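Let's take a walk through this protein together. Keep the sequence and the 3D view open side by side as you read.

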Amino acid sequence: MEPSRSEGFSSAILNLFSYQPLISWLLVASVFGVILTLALFVVINGRSRLEHGYSGIPIRRWSTRSIVAHWLGAIPCLFLIVTGLVLGAGKTFFDTQSNSWGTVVNLASDLHEFMAFPFMLGGLAMILMWWQQQRFVRYDLDWFKQFGGYINSGQPKHPDAGFSSGGEKLWFWVFSFCFLVLSVTGLMLFFPAIEPGYSLAPLVIAAHIGSAMVLGAFAVVHIFMAAIMSEGAMGTMINGHCDSNWAKQHHNRWFETIKKP
Ligand code: HEM
């Protein structure tokens with residue numbers, strides 16, 4: 001009997017995911033390839049500076065609850081990315097017969113399982129607390145058309161943005177989708193009893209690895225934007241405040257709403 005279209009599709013995916021060197025290289029590219037690309041970008045383009053410098057006027061942006069949820073999800077996520085890389089790609093690059101490999105894999109596996117639970121708690125809290133402010137609006141499209149104003153050649157551009165910019169909203173929804181896939185498939189792998197069928201295991205693993213690649217790549221971009229690219233952004237997730245000039249430049253529509261009492 002001819003395989004149905006969906007059977008053909010899932011067996012194509014499984015074939016792809018059974019080719020270990022390809023998966024290893026894609027995993028490495030999703031983190032290190034993106035880091036290299038961004039490093040090159042910042043060398044050529046430079047950072048995004050505050051056009052009028054710091055005003056010294058602080059504005060409340062994130063509540064303590066939001067900051068706690070962010071770091072509860074983010075710190076374990078970083079551990080999951082690193083340990084996931086070791087587990088998913090390590091065998092292509094290291095001697096799997098050596099004793100030290102065994103120690104590294106055991107440590108990575110324990111840490112991966114241990115960090116999954118605070119990640120799920122923090123991730124779920126972020127999604128539940130923030131989803132309403134992450135709905136796309138018309139001017140977000142212009143934000144993408146102007147690359148968020150991050151290209152430093154020509155006239156400075158500061159496209160409209162609300163509390164979250166188009167790019168941040170995209171990150172939020174990609175994160176939410178990958179988070180759900182990773183959590184559901186991760187729980188299936190951690191508790192094999194809840195997996196619907198033995199034959200589904202390779203598909204579950206493929207979904208887990210595929211969404212990890214996407215989340216890994218986006219997380220690197222997010223960290224780069226927050227910590228390196230955008231001058232003045234980092235403090236917002238440390239003390240909950242931003243400078244008024246940063247708010248005006250990067251989130252003008254939100255700034256308009258808060259400057260009125
Ligand atoms: C060292 C790593 C990280 C740094 C420095 C960092 C920094 C930040 C900063 C500064 C903001 C606020 C941006 C703003 O006020 O507009 C933010 C927002 C956010 N972060 Fe992170 N982050 C990191 C890792 C992560 C990770 C791993 C995740 C995913 C688990 C994550 C998820 C988010 C989300 C969903 C937002 C909200 C997006 C928005 O602004 O609307 N972060 N982060």
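Helices here (H or I, at least four residues) and strands (E, at least two) are DSSP runs, numbered from the N terminus. Why is Leu170 called partly exposed? Because 18 other C-beta atoms lie within 10 Å, Leu170 is partly exposed. A residue is buried if 20 or more other C-beta atoms lie within 10 Å of its own, exposed if 12 or fewer, and partly exposed in between, with C-beta atoms placed from the backbone. Asp140 sits 30 residues away from Leu170 along the chain, and their C-alpha atoms are separated by 9.8 Å.

Before going on, a word about what you are looking at. This is a predicted model, in which local features need pLDDT of at least 70 and side-chain atom pairs count only at pLDDT 80 or more, while totals for chains, interfaces and linings use all residues. Residues are numbered from 1 along each chain as its sequence is written.

Now zoom out. The protein has ten helices and two strands, and from the N terminus on they follow the order α-α-β-α-α-α-α-α-α-β-α-α. Along the principal axes, the C-alpha atoms fill a box of roughly 65 × 40 × 35 Å. Of the 261 residues in the protein, 23% are buried. Two residues are in contact if their C-beta atoms, placed from the backbone, lie within 7 Å. Among contacts with a separation of 6 or more, 76% join residues 24 or more positions apart.

Next, look inside. A nonpolar core is a set of buried Ala, Val, Leu, Ile, Met, Phe, Trp, Tyr and Cys residues joined through C-beta atoms within 7 Å. The largest one has 19 residues, and Leu80, Leu85, Phe119, Cys178, Leu182 and Leu215 have the most contacts inside it. At least two residues of this core come from each of helix 2 (20–45), helix 3 (64–93), helix 4 (99–130), helix 6 (166–190) and helix 7 (201–229). Helix 3 gives the largest share, five residues.

A second, separate core of five residues includes Ile59, Cys242, Ala247 and Phe255. Ser211 itself lies in helix 7. Ser211 counts as buried because it has 21 C-beta neighbours inside 10 Å. With neighbours within four places in sequence set aside, the contacts of Ser211 are Cys178, Val181 and Leu182.

How do the helices pack? Two packed helices are described by the angle between their axes and the distance between the axes. The axes are lines fitted to C-alpha atoms, for helices over the stretch in contact, and angles run from 0 to 180 degrees between N-to-C directions. For helix 3 and helix 4, the axes come within 7 Å and cross at roughly 145°. This contact has 20 nonpolar, ten polar and no charged residues. Here Ala, Val, Leu, Ile, Met, Phe, Trp, Tyr, Cys and Pro count as nonpolar, Asp, Glu, Lys and Arg as charged, and the others, Gly among them, as polar.

Helix 4 and helix 6 also cross at roughly 145°, with axes that come within 10 Å. Residues of helix 4 including Glu113, Ala116 and Trp130 meet residues of helix 6 including Phe172, Ser176 and Phe190. By class, this contact divides into seven nonpolar, four polar and one charged.

Turn now to the ligand. 22 residues surround the ligand, and the closest are Ala74, Cys77, Ser164, Ala226 and Met237; a residue is near a molecule if its C-beta atom, placed from the backbone, lies within 6 Å of it. Helix 3, helix 4, helix 6, helix 7 and helix 8 (236–239) each give two or more residues to this shell. The shell has 14 nonpolar, six polar and two charged residues.

Two more stops remain. Pro58 is in strand 1 (residues 58–60), and apart from neighbours within four places in sequence, Pro58 is in contact with His241 and Asp243. Finally, Phe147 lies in the loop between helix 5 (138–145) and helix 6. Most residues other than glycine have a negative phi. Phe147, however, has a positive phi, near 50°. With 12 C-beta neighbours inside 10 Å, Phe147 counts as exposed.
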